[in-house]
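Please read the points below alongside the model.

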Amino acid sequence: MFRRAAAGVRGGVERTFIALKPDGTQRGLLGDVIKRFEQKGYKLVAIKAIVPSRALAEKHYEDLKTRPFFKGLVSYMTSGAAPVIAMVWEGKDVIRQGRRLIGATNPLEAQPGTIRGDYCISVGRNIIHGSDSFESAEKEISLWFGKSEVYDWQYGNAEWLYADN
């Protein structure tokens, strides 16, 4: 079976990396996150619960390495207090639309109706991560998942989700 590149096709059917952070897992919000993405019409193609290694967390957040909160963020993600729920979602424009579903990084600036706008009040406990570009989706999916862990499958209701007319 044909395997897509990690992030799919830029501008077409894309894939994005979404992670429910330990605070979201502790608060039992996985079902709500999945529901929002599924209701939008996106397809879950990979999911796993993992306590990331320090090396994985540092690589994932390497663009924040010089920020004062970096060490605390890595410690929080690797603490084992609850697993990270790593997911890959697929669909048209899913990277940009996924960020819209999630809301602003600072929950106090996130719009009501977004995940962070509805469930968070602190930037240090903003429950969820989502790829912010095609390049970051490509990197993050490859970091968290092997090729055999991301599945190509067809929605039985795809004709009710996608049309160009």
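**Notes on the predicted model**

1. Basis. This is a predicted model, in which local features need pLDDT of at least 70, side-chain atom pairs count only at pLDDT 80 or more, and totals for chains, interfaces and linings use all residues. Residues are numbered from 1 along each chain as its sequence is written, and side-chain values use heavy atoms, with hydrogens and water left out.

2. Strand S1. Strand S1 covers residues 13–20, and seven of its eight residues are buried, so S1 is largely enclosed by the rest of the structure. Buried means under 20% relative accessible area, exposed means over 50%, and partly exposed lies in between (1.4 Å probe, protein chains only). Strands (E, at least two residues) and helices (H or I, at least four) are DSSP runs, numbered from the N terminus.

3. Partners of S1. S1 runs antiparallel to strand S3 (residues 84–92), and eight bridges join them; here Thr16 has Trp89 as its bridge partner in S3. Strand S4 (residues 128–130) also pairs with S1 in the antiparallel sense, over three bridges, with Ala19 opposite His129. Two strands count as paired if DSSP finds at least two bridges between them.

4. What does the UniProt annotation say of His129? The unreviewed entry covers this residue with "active site"; positions from UniProt are given in the numbering used here, feature names are shortened, and annotations may be inferred rather than shown by experiment. His129 is found in strand S4 and is buried, at 13% relative accessibility. Leaving out residues up to four places away in sequence, His129 touches Phe17, Ile18, Ala19, Lys21, His60, Tyr61, Ile102, Arg116 and Glu140, where contact means heavy atoms within 4.5 Å.

5. Asp93. The loop between S3 and helix H5 (94–102) holds Asp93, which is partly exposed at a relative accessible area of 24%. Its side chain makes a polar contact with the side chain of Gln97, at 2.9 Å. A polar contact is a pair of N or O atoms within 3.5 Å; within protein, one must be able to donate a hydrogen and the other to accept it, and residues adjacent in sequence count only if both atoms are side-chain atoms. Neighbours within four places in sequence aside, Asp93 is in contact with Gly12, Glu14 and Tyr42. Gly146 lies 53 residues from Asp93 in sequence and 23 Å from it in space, C-alpha to C-alpha.

6. Gln26. Is Gln26 buried or exposed? Gln26, in helix H1 (residues 22–26), counts as exposed, at 53% relative accessibility. Residues up to four places away in sequence not counted, Gln26 touches Ala81 and Ala82. Its C-alpha atom is separated by 20 Å from that of Trp144, 118 residues apart along the chain.

7. Rings. There are three aromatic pairs in the structure. One of them, Trp153 with Tyr155, is edge-to-face, at 5.2 Å centre to centre and 85° between the planes. Rings of Phe, Tyr and Trp (its six-membered ring) pair if their centres lie within 6.5 Å; planes under 30 degrees apart count as stacked, over 60 as edge-to-face and the rest as tilted. Trp153 is partly exposed at 35%, and Tyr155 is partly exposed at 23%.

8. Charges over rings. The charged end of Lys48 sits over the ring of Phe145, 4.8 Å from its centre. Arg125 lies over the face of Tyr76, 4.0 Å from the ring centre. The criterion is NZ of Lys or CZ of Arg within 6 Å of the ring centre and within 35 degrees of the ring normal.
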